[in-house]
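Please walk through the structure below with attention to its fold, its charged residues and its backbone geometry.

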Amino acid sequence: MKRGMDLLYASMGKAIEITRGQDVTTTMPAANSKSSSSSSGLWTIVVASLAASYYNVVGPAAKSASSLATAPSSVIQNAWGMVSLPAVKKASLEATRILKGAAIANRIEICGVSCFVLSREPFPALSSALRRFRRQQGREDVRLGTIHESLSSHSSSVNVRGLQKRDLILHLTGGGFFAHTIAGDLPYLLDWSASSKAVIIIPEYALFPHRYPDAITEVANIYRALRCGQAATLLGFQPDRIIVSGESVGGNLAAALCVSMITDYEEGQCVDLTPRQSAVLVEDYEESPFYEDSEEEDTLMIPGEIGSESRYMGLELPDALMLCCPALNLSLDPTPSRIDGANDPVLPSALISTISASYLGDCSETFPIASPYFASDAIIRNFPPTLIFTSSECPFLDDSVNFVGRLRSVGVKGQLHAVNDLPHAYWALSTAGIPEARLVQKECQRWIAKIFVSK
């Protein structure tokens, strides 16, 4: 794993030097330079392929370290960006449909954002909605083609009577705000859908050169449209329970979604949000031996039949959060895990500062919606049940441990499951057959099932 990532970073670093000159800090060209950008990107990939052949023989480690030290922004953009190429995502979608037997694997737009939609089981209502959406796009009818853009992020009365209900997972990919790791996530997401019969929605949220708050604004708009029923007529079904999952920066956005909604709610109504009278206790699953958790009795706090209006007095938060190696803290504090994980193959320390600076711009790195780690206890005590997977090698390990500890201290059901010897953001390694990652995926499926079936 380490050699593979070194090879990627080294070859992309050399390609950038050759195709763009020694000014390797070049960032993404402006929109009006699309043709030159495409040409430059093509040559970068060609040269990177040649460089990879060379470094595969002589060893990439030294050049990898040099590339990360001198041009991390360009390296991330080009190396990770390859998995976000439209052709790669389209091919992965088709492969998922065939190899995983997906009944639905397509795209739709919600609140103006392109979203992947997956379902392992046939769902005629959703299939019809997707066909209708494609017909509308094909007609290029302005009125019909912009229906999705009329979906507001504000609550309003929407008639969803008669529409079938279906549980839903809103998945937010990693990629350092430079790429979407959709291509690698699709296989295990289809497994989640198969085991839970849930629909999976994966937004292609705004990437660099967009900065905070563009990505979280898009995610919040999509979530509110789903939760409030405003996307129901577009999708052909009414979302029932919603789990928000996220890996790496996707975990940042998932937690930030809750921080943002709670903050907006409190500023608007200034009421106490703590009552959980509608909650029921559900026995948790058995712990796997390679996980670490507290000795506290393992129970999940699940919303009861009364609905989330009673639980949160009108605050429509997700029913649960499930995160993997979340980048909750975008500050550059030198925590022990960041020092120990400085050479993580996926996210070496040189890249953390680049990701933080590129995403935050002028925003403070301790602003709670940008870095949910810094949310106050008054905010996080309203969080839904939260499960965080992390690794002994992840640079963000300490942040996850501390955040789960704070959740527990204020009465939220928070769980931390730590795995040994896996790199940052390892969910997709289950597809490669890594035993520990496959065990984690089984636990993901069991936890999702507990959330969805305990009604």
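Pro209 is found in the loop between β4 (199-203) and α9. The model is a predicted one, and in it a cis peptide bond joins Phe208 to Pro209, with omega at about 20°. Pro213 also lies in the loop between β4 and α9. The peptide bond that leads from Tyr212 into Pro213 is cis, with omega near 10°.

Of the 455 residues in the chain, 56% are buried. Among contacts with a separation of 6 or more, 80% are between residues 24 or more positions apart. The chain exposes about 18600 Å², and carbon and sulfur atoms supply 55% of that area.

Leu226 has a relative accessible area of 2%, so it counts as buried, the cut-off being under 20%. Leaving aside residues up to four places away in sequence, Leu226 touches Ile110, Leu168, Leu170, Ile201, Ala231, Leu235, Pro239 and Ile242.

With Glu316, the closest N and O atoms are 3.9 Å apart. Glu316 is in the loop between α12 (308-312) and β8 (320-324), 89 residues from Arg227. Both Arg227 and Glu316 are buried. The side chain of Arg227 also meets that of Asp319 in a salt bridge, at 3.0 Å from N to O. Asp319 is in the loop between α12 and β8, and 92 residues separate it from Arg227. Asp319 is buried because its relative accessible area is 7%; Arg227 is buried at 15%.

How many salt bridges does the chain have by this rule? The count comes to 10. One of them joins the side chains of Lys100 and Asp191, at 3.0 Å from N to O. Lys100 is in the loop between α5 (86-99) and β1 (104-110), while Asp191 is in helix α8 (residues 182-196), 91 residues away. Lys100 has 31% relative accessibility and so counts as partly exposed. Asp191 is partly exposed as well, with a relative accessible area of 29%. Elsewhere, Lys89, Arg107 and Glu204 are linked in a network of salt bridges.

Other charged residues form patches on the surface. Arg131, Arg132, Arg134, Arg135 and Arg139 gather in a patch of positive charge. Arg134, one of its members, is in helix α6, residues 124-139. Its relative accessible area of 36% makes Arg134 partly exposed. A patch of negative charge is formed by Asp340, Glu393, Asp421 and Glu436. Glu393 is in the loop between β9 and α16 (397-409), and it is partly exposed, with a relative accessible area of 35%.

Strand β9, residues 386-391, includes Ser391. Is Ser391 buried or exposed? Its relative accessible area is 0%, so Ser391 is buried. Beyond residues up to four places away in sequence, Ser391 touches Cys325, Leu397, Val419, Asp421, Leu422, Pro423 and Tyr426. One of these partners, Asp421, is a member of the negative surface patch.

Cys111 is not a glycine, yet it has a positive phi of about 55°. Cys111 lies in the loop between β1 and β2 (113-119), and at 18% relative accessibility it counts as buried. Phe177 is not a glycine either, and its phi is positive at about 65°. Phe177 is found in the loop between β3 (165-172) and α8. With 3% relative accessibility, Phe177 counts as buried.

Note on methods
Residues numbered from 1 in each chain as written. Predicted model: local features only at pLDDT ≥ 70, side-chain atom pairs only at ≥ 80, totals over all residues. Heavy atoms only, no water. Patch = residues over 30% accessible without salt bridge, like charges linked within 9 Å, V, L, I, M, F, W, Y side chains within 5 Å. Areas by Shrake-Rupley, 256 points an atom, 1.4 Å probe, with all protein chains shown as cover. Salt bridge = Lys/Arg side-chain N within 4 Å of Asp/Glu carboxyl O. Lys, Arg positive; Asp, Glu negative; His and termini not counted. Charge placed at Lys NZ, Arg CZ, Asp CG, Glu CD. Helix = DSSP H or I, 4+ residues; strand = E, 2+ residues; numbered from the N terminus. Buried < 20%, exposed > 50% of the residue type's maximum accessible area, 1.4 Å probe, protein only. Contact = heavy atoms within 4.5 Å.
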